[in-house]
Structures are given as C-alpha cells and as structure tokens.
Amino acid sequence: MAGRYAIRPPRRTRTHVSDRPDATRLAGLPAIYLSADYRYELGGEWHAFRIGGLTPALDAAYPDARWFGMLTASNPGFVPRPEEDNRAADRALQRTLDRMGLAYRPGFAAVRNRNQKAYNWLVIDPTPADFAGLGRAYGQIGTLLWRRGGPVRLCMRAERPEAVPEHPFIDWLGDAPEA
C-alpha cells in the first residue's frame, strides 16, 4: 500500500526476462530522460516543459495542488513491450488513478530523435508516497515529480551508477523495479 491506497500492478500478458535494464543501459537513461520533450494537455492545448523547468500554466490551473507528477505504464523497466501490453497497462493505470480519486491529464514524452515515444499521464496533486507507489506498481524506473512552483524533477528508482555524475534535477531513490 502506498499512502492511502492499495495500488495493484497491471496483469502482465506476456512473460519477460527482466524488468531491469543492465548497468550500462541504466547509466544512459538519465541522458534520455533529460533530452526528452515533455507535453501535457490542458484546456485543449498542449504545453511543453522540460526537466528543470517550471510549469506556470499548471500552477495557475490547479492553485490548490501541492504536487504534480508524470508517468507512463508503458515499457516497464524501460524494456520495450508489445503495443497491446502497453495499451493494457495504460488502461490499468487509468483505472488505478480513478480508484485513487486523482485528477489527471494526458501527457506525452518523446526523445528528440523521435525514436522513443511514450504516452503519459500528468497526475494532479499526488502525495509523493502515492506517486512512488504508482511508479513501483507500473515498473517505471524514471518518473517526474515536482512541487508546485518548483522545477520539474526526474526521480530515478535505482542507485546512481558511479559513471553517472550528480545532477541538480535528478533524484536517485535507490528503489529499483522488481524483476
């Protein structure tokens, strides 16, 4: 249980060898997340933002929110999955957000060369504990979580590899996805 709610992971439809990238792949993930273009839909318009940037439109639209988070249910462990598995996981995440009573908006992330894309959900005012539980339940190594009025932060659920320098907008939480 994370925070106030039991968060059930989606049912996996296929057997996968591992939900963890190897150490070399893990070391490359921060650069992928940092270079990605992120967007969320609000009032029929798409708003771009970046890790380390601010989100004043969200602050204005949700004046009572204390936190914002963005995550996907696709490709747990940053391991590519079949489209039908990702769609099923996305539907399960939506049902979980509904059950938790959290407001959410459509979101999107794309690496600059557009060879990696993920549909995301921007979650309005999750507690950090609930949001961490969502990341764990859906096997996400990287999620975005930030305080209202503060910079967007990348939360990595793994130990920081020695080869990866510290970054002012990355939090290494040491909580790797289950295999």
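Helices here are DSSP runs of H or I with at least four residues, strands are E runs of at least two, and both are numbered from the N terminus. What you see is a predicted model, where local features need pLDDT of at least 70 and side-chain atom pairs count only at pLDDT 80 or more, while totals for chains, interfaces and linings use all residues. Residues are numbered from 1 along each chain as its sequence is written, and side-chain values use heavy atoms, with hydrogens and water left out.

**View 1. Helix H4 and the glycine that follows.** Just past H4, glycine 139 adopts a positive phi of about 65°. H4 itself covers residues 128-137, and its buried members are Asp130, Phe131, Gly133, Leu134, Gly135 and Ala137. Buried here means under 20% relative accessible area, with exposed over 50% and partly exposed in between (1.4 Å probe, protein chains only). What do the buried residues of H4 pack against? Their partners are S3, H3, S5 and S6.

**View 2. The largest pocket.** This one has a volume of about 410 Å³. Tyr33, Phe78, Gln116, Lys117 and Ala118 are the closest to its centre among the 25 lining residues. A pocket, on a 1 Å grid over the protein atoms alone, is an open set of points where a 1.4 Å probe fits, with protein on both sides within 12 Å along at least five of seven lines; lining residues have an atom within 4 Å of a point. Grid points are joined across faces, edges and corners, and the volume is the space filled by probe spheres set on them. Helix H1 (23-35) and strands S3 (67-71), S4 (103-110), S5 (117-124) and S6 (142-147) each put at least two residues into the lining. Sorted by class, that lining holds 14 nonpolar, nine polar and two charged residues. Nonpolar covers Ala, Val, Leu, Ile, Met, Phe, Trp, Tyr, Cys and Pro, charged covers Asp, Glu, Lys and Arg, and the others, Gly among them, are polar.

**View 3. The second largest pocket.** Here the volume is about 270 Å³. Its lining includes Ser74, Asn75, Glu83, Arg87, Lys117 and Trp121. Helix H3 (83-100) and S5 are the elements that give two or more residues, and H3 has the largest share, with five.

**View 4. Valine 111, in a loop.** Look between S4 and S5 for valine 111. Is this residue buried or exposed? Valine 111 counts as buried because its relative accessibility is 12%. Beyond residues up to four places away in sequence, valine 111 touches Ile32, Ser35, Ala36 and Gln116, a contact being heavy atoms within 4.5 Å. Isoleucine 32 sits 79 residues away in sequence, yet the C-alpha to C-alpha distance to valine 111 is 6.6 Å.

View 5. Threonine 55 lies in the loop that links strand S2 (45-49) to helix H2 (56-61). With a relative accessibility of 3%, threonine 55 counts as buried. Setting aside neighbours within four places in sequence, threonine 55 contacts Phe49, Trp146 and Val152. Phe49 and Trp146 also belong to an aromatic cluster, together with Tyr38, Tyr40, Tyr62 and Phe68. Rings of Phe, Tyr and Trp (its six-membered ring) pair if their centres lie within 6.5 Å, and the whole structure has eight such pairs.

Technical notes. Phe/Tyr/Trp six-rings, centres within 6.5 Å; stacked < 30°, edge-to-face > 60°.
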